[in-house]
Amino acid sequence: PLLEKASKKVDKIEQLLEEKIDDQKSIIDLQQRLLKQKEVGLKSVETVVQSAVQNELKSVQTAVKTEIKSYSSALTGSLSAPISEKRIISAVKTAAEKEDRKRNVIIYGVEESETEVLPERVSGILLEIGEKPVVRDSCRVGIKKSSTIRPIKFTLSSSDVVSQVLRKAKLLRLKDGFKSVYVCPDRTIEERRATRSSYRN
């Protein structure tokens, strides 16, 4: 009887082990199915996203091409006559001169002297307002006449330095011997006319 009971228990244990193994196989099978489903789902999502992105890119490209075509048509219409080489050279020259003028300063009212050294004279005037910039290319402007005092034109290192000097130029009016000295930017003829007109008005 004991052997029979033991044999039955062994059989029971083996049966339970087989059932457990079968359960584990089922679980593994289910996990594999789930993984496959996830892969299929991810591929589906990836396909949808790629399709949406491609459609958006096509839409943007079409819009850009349309805008470029529209701009090109408008530009072609506005430039019915080709720009001449002279006009291009003139425009470049004007732009270069304007840029150079930004670094120039004009001083009016400084008495002329046969022995004057302009860089030193200009530096001395600027020192009166507390400025010590590097002065370049200083010269008298215009034809020399006994009845008139020619202005002095000089160049500074940058437009920022010019702005600093012009901001402090009014301080010269407070200095003895400089009340008739006037410092201003290097303006074109048109700009000078406009400035005089604004003063009159």
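In the predicted model, glutamate 131 is located in the loop that connects α3 (118-127) and β2 (136-140); helices are DSSP runs of H or I with at least four residues and strands are E runs of at least two, numbered from the N terminus. Glutamate 131 counts as buried at 13% relative accessibility, where buried denotes under 20% relative accessible area, exposed over 50% and partly exposed in between (1.4 Å probe, protein chains only). Its side chain forms polar contacts with the side chains of glutamine 164 (3.3 Å) and lysine 168 (3.0 Å). A polar contact is a pair of N or O atoms within 3.5 Å; within protein, one must be able to donate a hydrogen and the other to accept it, and residues adjacent in sequence count only if both atoms are side-chain atoms. Beyond neighbours within four places in sequence, glutamate 131 contacts (heavy atoms within 4.5 Å) Leu126, Gln164, Val165 and Lys168.

Isoleucine 152 belongs to strand β3 (residues 152-155) and is buried, with a relative accessible area of 0%. With neighbours within four places in sequence set aside, its contacts are Val105, Ile106, Ile107, Val110, Leu118, Val122, Cys139 and Arg140. The C-alpha atoms of isoleucine 152 and valine 122, 30 residues apart along the chain, are 8.3 Å apart.

The protein chain contains five helices and four strands, in the order α-α-β-α-β-β-α-β-α. Of its 201 residues, 15% are buried.

Residues are numbered from 1 along each chain as its sequence is written. Local features of this predicted model need pLDDT of at least 70, side-chain atom pairs count only at pLDDT 80 or more, and totals for chains, interfaces and linings use all residues, while side-chain values use heavy atoms, without hydrogens and water.
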